[in-house]
Amino acid sequence: MGNSVRMISKPMGSPDVHELVLSNEEFQKKEQNKEDVYRGTILNRTPGDFSHITDDEHFLRSIIAEETGENSFSVVVITGISNEHINYLKEDFDEWTRELAHIYHYYIHGVNGNCKTSIFQRSDDLPRIDILVTLYASKSQRQMNLRDVEDDMQTLFINAAKDTFEFRAETSEKGIVEGVLRYHPFLYDRETYPKDPYVKPAPVDDDDNDEREVGAIGQARGRRDIFECFWNGRLIPYTTISEFDWCQKKGTKVPPECYNRFSGVLFTDGKFLVNANKLKFMKLEKQLKKPDTHFTLVDRTQ
């Protein structure tokens with residue numbers, strides 16, 4: 001996003017604030033001097049001390065001044081943001097806050113998600129987290145609490161499902177995955193499979209309305225995979241799983257279009273590895289599709 005990042009953190013119980021700066025400029029200097037590019041020096045200082053801040057970084061002084069009296073905190077400051085990203089942040093505020101609400105959905109709403117029906121009671125087993133996004137652009141200010149986003153895909157999927165099937169998988173390495181398969185039928189003249197705002201509809205031939213309607217009824221998720229994958233409650237966006245053997249159409253009389261009407265989520269524990277930037281799992285699908293992975297039904301009545 002930018003050319004420099006500053007990490008500022010104070011752990012609970014620590015008297016000191018720890019600060020580390022990484023930048024393109026420093027990387028280039030170290031590379032020229034044949035030094036370890038990713039090795040940096042962490043500054044330890046007292047809370048509220050901004051004596052090391054230059055005039056060019058004066059905006060940081062107000063951030064550091066807020067540290068006094070806080071037990072713990074973490075701050076990430078990115079500077080030198082490209083114009084492309086600045087324009088996106090300003091002009092597409094609703095879009096990227098909706099994406100954040102989708103990624104952190106279960107942090108924000110708890111284990112049952114943003115369910116608005118009485119089928120599931122909201123669970124307090126896990127603490128729900130407030131994430132408030134504030135955008136300062138010129139003299140204007142916009143705010144969005146991600147809890148208030150109502151059109152992220154997880155909220156739409158949860159509340160549009162007409163039935164759910166819950167299951168659990170345990171791998172030979174003792175990794176646990178909990179899963180939910182949701183069903184979204186076409187009811188009379190109404191589609192219950194949520195429309196993804198990021199997927200553009202395929203062009204259709206206007207000469208044949210009948211075929212177009214039949215195609216629309218059968219499409220639903222189209223070629224998208226069924227399962228999105230969450231790691232310790234956080235979406236890992238670049239890993240999806242199409243299906244498992246037990247939810248494929250094999251010798252059944254159920255119409256094939258019914259299989260396009262599934263959505264699903266998989267929740268893994270920490271036994272499954274993700275890459276450094278938390279964008280994809282290392283080998284989740286391979287582990288789950290091993291013959292010795294054991295699937296069981298979760299019965300809510302027990």
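**Terms and the values behind them**

Mentor: Let us begin at the surface: Met1, Met7, Val76 and Ile78 make a nonpolar surface patch of about 360 Å². The model is a predicted one, in which local features need pLDDT of at least 70 and side-chain atom pairs count only at pLDDT 80 or more, while totals for chains, interfaces and linings use all residues. Residues are numbered from 1 along each chain as its sequence is written, and side-chain values use heavy atoms, with hydrogens and water left out.

Trainee: What makes a group of residues a patch?

Mentor: Each member must have over 30% relative accessible area and no salt bridge; nonpolar side chains (Val, Leu, Ile, Met, Phe, Trp, Tyr) are then joined within 5 Å, and like charges within 9 Å. The areas come from the Shrake-Rupley method with a 1.4 Å probe, and for residues only the protein chains shown count as cover. Ile78, at 35% relative accessibility, counts as partly exposed. It lies in strand β4 (residues 73-79), strands (E, at least two residues) and helices (H or I, at least four) being DSSP runs numbered from the N terminus.

Trainee: What makes helix α6 an enclosed element?

Mentor: Helix α6 (residues 153-160) has eight residues, and six of them are buried, so the helix is largely enclosed by the rest of the structure. The buried residues are Met153, Gln154, Thr155, Phe157, Ile158 and Ala160. Their cover includes α4 (93-103), α5 (105-109), β8 (176-183), β11 (227-231) and β13 (262-268).

Trainee: How do you know that β11 is paired with other strands, and in which sense?

Mentor: Two strands pair if DSSP finds at least two bridges between them. Four bridges join β11 to strand β12 (residues 234-241) in the antiparallel sense, and five join β11 to β13 in the parallel sense. Phe230 faces Leu235 in β12, and Phe227 faces Gly264 in β13. Four of the five residues of β11 are buried, so this strand too is largely enclosed by the rest of the structure.

Trainee: What is found at the turn between β11 and β12?

Mentor: That hairpin has two residues between its strands, and Asn232 takes a positive phi near 50 degrees.

Trainee: What qualifies Arg6 and Glu19 as a salt bridge?

Mentor: A salt bridge is a side-chain nitrogen of Lys or Arg within 4 Å of a carboxyl oxygen of Asp or Glu. The closest N and O atoms of Arg6 and Glu19 are 2.4 Å apart, so the pair meets that limit. The pair links distant parts of the chain, with Arg6 in strand β1 (residues 4-10) and Glu19 in strand β2 (residues 17-23), 13 residues apart. Both Arg6 and Glu19 are buried.

Trainee: What does the salt bridge of Asp94 and Arg142 tie together?

Mentor: Asp94 and Arg142 have their closest N and O atoms 3.1 Å apart. Asp94 lies in helix α4 and Arg142 in strand β6, so the pair ties together parts that are 48 residues apart in sequence. Asp94 is partly exposed, with a relative accessible area of 44%, and Arg142 is partly exposed at 37%.

Trainee: How many salt bridges are there in the whole structure?

Mentor: A search finds 16.

Trainee: How far may the coordinates of residues 208-218 be trusted?

Mentor: pLDDT is the predictor's confidence in each residue, from 0 to 100. The chain has a mean of 87, and 88% of its residues reach 70 or more. Over residues 208-218, however, pLDDT stays under 50. Where pLDDT is low, the predicted coordinates should not be read in detail.

Notes: Buried means under 20% relative accessible area, exposed over 50%, partly exposed in between (1.4 Å probe, protein chains only). Contact means heavy atoms within 4.5 Å.
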